[in-house]
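Welcome! Here is a short briefing to read alongside the sequence and the 3D view, taken one topic at a time.

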Amino acid sequence: MTERIDHTLRDRWTPTTGPLPAHALAWLRRRTGLAEARTPARTPEVPASALSDAARTALAAVVGPGFVRVDRDSRLGRAGGMSYVDLLRRRGEGGLAVPDAVVLPATPEQVADVLRTCAEHDVAVVPFGGGTSVVGGVAALRGDKAAVLALDLARLDRLVSVDPVSRVAVLQAGLPAPEAERLLAPHGLTTGHVPQSYERATIGGFAATRSAGQASSGYGRFEDMVEGVRLATPVGEWRLGAAPASAAGPDLKQLVIGSEGVLGVITEVAVRVRPRPAVERYEGFVVDGFARGTEVVRALAQRRVLADVTRLSDEDETEVTLALAGGWKTAALKAYLRARGIARPCLLVLGWHGATEAEARRRARVVRGAGLVPLGRALGEAWRHGRFNGPRQRDALLDVGVCVETLETATHWSRVAELRSAVRRALVDALGDCVVMCHISHAYETGASLYFTVLAARDAGDPVGQWQVAKAAACEAIGGLGTISHHHAVGTDHAPYLEAEIGGPGVAVLASVKRTLDPTGVLNPGKLIPRGLA
Ligand SMILES: Cc1cc2nc3c(=O)[nH]c(=O)nc-3n(C[C@H](O)[C@H](O)[C@H](O)COP(=O)(O)OP(=O)(O)OC[C@H]3O[C@@H](n4cnc5c(N)ncnc54)[C@H](O)[C@@H]3O)c2cc1C
C-alpha cells in the first residue's frame, strides 16, 4: 500500500515548502495590502473516538484489527480535504470535523462488508481516495449517525486487467494517478488524465467527481474515459458498463460517475486507455486581450483542431505570472510585447501529444495565422515543468497570511465574457483589495470552463468567514449563467446551489436512488444532495 497520508497531517500539500521569493512577497504586499504580521498555526483539537466497541470489533473482523485505526494521527490525516478552508481548519481556525476511525479494506468484497457492518451499527462512511477534494467532499460529517469513519481506499491499489486490443484497463479505485500510470507504462498505455492534483488524487476519486485533467481537450474528461464501474453499496454490488455504447435505457453508469460517495463506493473502474505519446510538444503564445484569445480558442474548438492541452490566461493572470517570474528575461519579454503593439498580453499555452515529432509539429501548425505572437517552446515547457506546483505555492502563500483559493465554472461561448465579469465583480465586492485571475483550461465546441484564482490579505479575525462570504457571492453570481462546478464537484460547498441547476425533480431523483441503494443513509452524509432532501 502506498502511504499517502501525513505531509504532515495535511495542513499542507507536501511536508516542506520553500519560502516565497522576496520579490513575490513585495508584489503581494503592494497588490493586496498584506501586512507583516501572521497568525501562528495552532494544532487542531481531536476529540475522543465515538466508535462503539461493538462496531470496532465487527469492523476488525472484516478488515483485520490493524486496519481499523482510532489513533489521533490516522484520524487527523483523513479529516477533510484540501480546500483553503480545510487547510485553515487544520491550522486551528474554526471547527474541524475529525472521523472517529479510519478503516482500510483490501478488496471490493471487504468494502461491501464494511458498508453492511456500518449500516448495522449506525456508523456513517466517508469514502476517502486521495483526500484532495476542494469542495468539502471528504468532510467527516456524521449526519444523524452515532459515529463516522473515513473509508480509506489506499489498499485497493491493483491493476486488475488490461485488454490491449480494446484498449481498456481495469484499475482499482484507490490507485493514486502516478501509480496507475506506472502500472500502465509497461503496456505502452496511459489514461492521459493529468489534473493539477495528479500527485495525490485516485482513480476512484476521479470517477466519483467527474474530474477533468489538464489534457482534457485531447483525452477527454474522466467520465469520457470510464467504460465501466464496480460499485459496492449497503444493499449489494452494482456493476455497470457492458459495452462501449448501449441503447439499453438511460446510461446508469453516468449516475454513478459523479455520485461523490453518496450512492456507493466505487471499487474498480474500467478505463479507456491510449498509447503513450512518444512526443509532447508545448509552445507558448501571447494574444492581445482575453476576448481575442477566447475567439482563437473557440475557433480551434469548433474546427475540432484543439491542442491536447489548451490553457488561456486572462490579463490579470498573465500579469501575475510575469510579475512573479521577475528577472531580466521577463523584462525583455515585456519590452518585446510592447514593441509588437500588444497592449493587453494574455498567455496561451498549447500542448500537442503525438507518436512522432513530425505529427506533433503538423498538429501545431493549425494555429498559424490566428494572430498569435509565438514565444516558442521554452515558455510552453516551463509551464509543463511547473504544472503541479500550484499546491506548493499555495502552502507558501498560506504561510505568509494570504487568503488563496480557486473556484471554477463553465458556460457556453456566448456567455463567457458575462460570466467572467460577474464572478470577478462578486469577488472584488466581497474581498476588497484582491487579485482575481482567470483562465480557460478546458474548451469544447460549445463553450469553455473558467477557472479563477483569488489572492487577498487574510482577515486574521475571521479567515474562514472571509472566504465563505466571498465564495457564496461568487456562487450566486454563477447562478443562471453557468454551472456551479465544471470539475471540482458538489461536496458540501456547492450542495445549496444544486437544486437551482438541476431542478427539484433532479434532486428528488438523486434522493430516491440514494434511498434505494443506501436505505439507512450511512453513505457520505451532507454531500451532493442538498441538506434535508437526502
Ligand atoms: C491543488 C488541487 C488541484 C486540483 N486540480 C484539479 C484538476 O485539475 N481537475 C480536477 O478535476 N480536480 C482537481 N482538483 C480536485 C480534486 O483533486 C478532484 O476532485 C479529484 O478527483 C479527487 O480525487 P481524490 O482521490 O482525491 O478524491 P477524494 O478527495 O478523496 O474524494 C472526492 C469525493 O469523491 C468521493 N470518493 C472518493 N473515492 C471514492 C470512491 N472510490 N467511491 C466513491 N466515492 C469516492 C469522496 O467521498 C468525496 O466525496 C484539485 C484539487 C486540489 C487540492
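## A first look at the chain

Of the 534 residues in this chain, 49% count as buried. Please keep in mind that this is a predicted model.

**Overall build**

- Along its principal axes, the C-alpha trace spans about 75 × 60 × 45 Å.
- How does the radius of gyration agree with that of a compact globule? For 534 residues such a globule would have a value near 24 Å, and the chain has 23 Å, which agrees.
- The chain is divided into domain 1, residues 22-149, and domain 2, residues 279-384.
- The centres of domain 1 and domain 2, taken over C-alpha atoms, are separated by 40 Å.

**Around the ligand**

- The ligand is surrounded by 38 residues, and the closest are Gly129, Gly130, Gly137, Gly204 and Gly205.
- Which elements give two or more residues to this shell? They are strand E3 (123-128), helix H7 (203-209), strand E10 (265-272) and helix H16.
- Helix H7 gives the most to the shell, with 5 residues.
- By type, the shell divides into 17 nonpolar, 19 polar and 2 charged residues.

**Helix H16, a helix with a buried side**

- Helix H16 covers residues 390-399, and its buried residues are Arg394, Asp395, Leu397 and Leu398.
- These residues are on the same side of H16, because they cover an arc of only 165° around the axis.
- What covers the buried residues of H16 includes helix H4 (84-90) and strand E16 (402-412).
- Just after H16 comes Gly401, which takes a positive phi of about 90°.

- As background, most residues other than glycine have a negative phi.
- Arg167 has a phi near 60°, a positive value in a residue other than glycine.
- You can find Arg167 in the loop between strand E5 (159-163) and strand E6 (168-172).
- Arg167 is partly exposed, because 15 other C-beta atoms lie within 10 Å.
- Arg210 also has a positive phi, near 55°, and is a residue other than glycine.
- Look for Arg210 in the loop between helix H7 and helix H8 (216-219).
- Is Arg210 buried or exposed? Arg210 counts as buried, because there are 22 C-beta neighbours inside 10 Å.

**Glu445, an exposed loop residue**

- Glu445 is found in the loop between strand E17 (434-440) and strand E18 (447-457).
- Glu445 counts as exposed because it has 11 C-beta neighbours inside 10 Å, and the cut-off for exposed is 12 or fewer.
- Leaving aside neighbours within four places in sequence, Glu445 is in contact with Ala301 and Gln302.
- Glu445 and Gln302 are 143 residues apart in sequence, yet 4.8 Å apart in space from C-alpha to C-alpha.

- His494 lies in the loop between helix H18 (463-478) and helix H19 (495-517).
- Why does His494 count as buried? The reason is that 24 C-beta neighbours lie inside 10 Å, where the cut-off for buried is 20 or more.
- Beyond neighbours within four places in sequence, His494 is in contact with Val135, Cys475, Ile484 and Ser485.
- Val229 is 265 residues from His494 in sequence and 25 Å from His494 in space, C-alpha to C-alpha.
- Asp308 sits in the loop between helix H11 (290-302) and strand E13 (309-313).
- Asp308 is buried, because 23 other C-beta atoms lie within 10 Å.
- Setting aside neighbours within four places in sequence, the contacts of Asp308 are Ala215, Ser217, Gly218, Tyr219, Gly351, Trp352 and His353.
- Asp308 and Val490 are 182 residues apart in sequence and 26 Å apart in space, C-alpha to C-alpha.

How values were computed. Residues are numbered from 1 along each chain as its sequence is written. This is a predicted model: local features need pLDDT of at least 70, side-chain atom pairs count only at pLDDT 80 or more; totals for chains, interfaces and linings use all residues. Helices (H or I, at least four residues) and strands (E, at least two) are DSSP runs, numbered from the N terminus. The arc is that of the directions from the helix axis to the C-beta atoms. Two residues are in contact if their C-beta atoms, placed from the backbone, lie within 7 Å. Domain bounds come from an automatic or database domain assignment. A residue is near a molecule or strand if its C-beta atom, placed from the backbone, lies within 6 Å of it. Ala, Val, Leu, Ile, Met, Phe, Trp, Tyr, Cys and Pro count as nonpolar, Asp, Glu, Lys and Arg as charged, and the others, Gly among them, as polar. The radius of gyration is taken over C-alpha atoms; the globule rule is 2.2 Å times the number of residues to the power 0.38.
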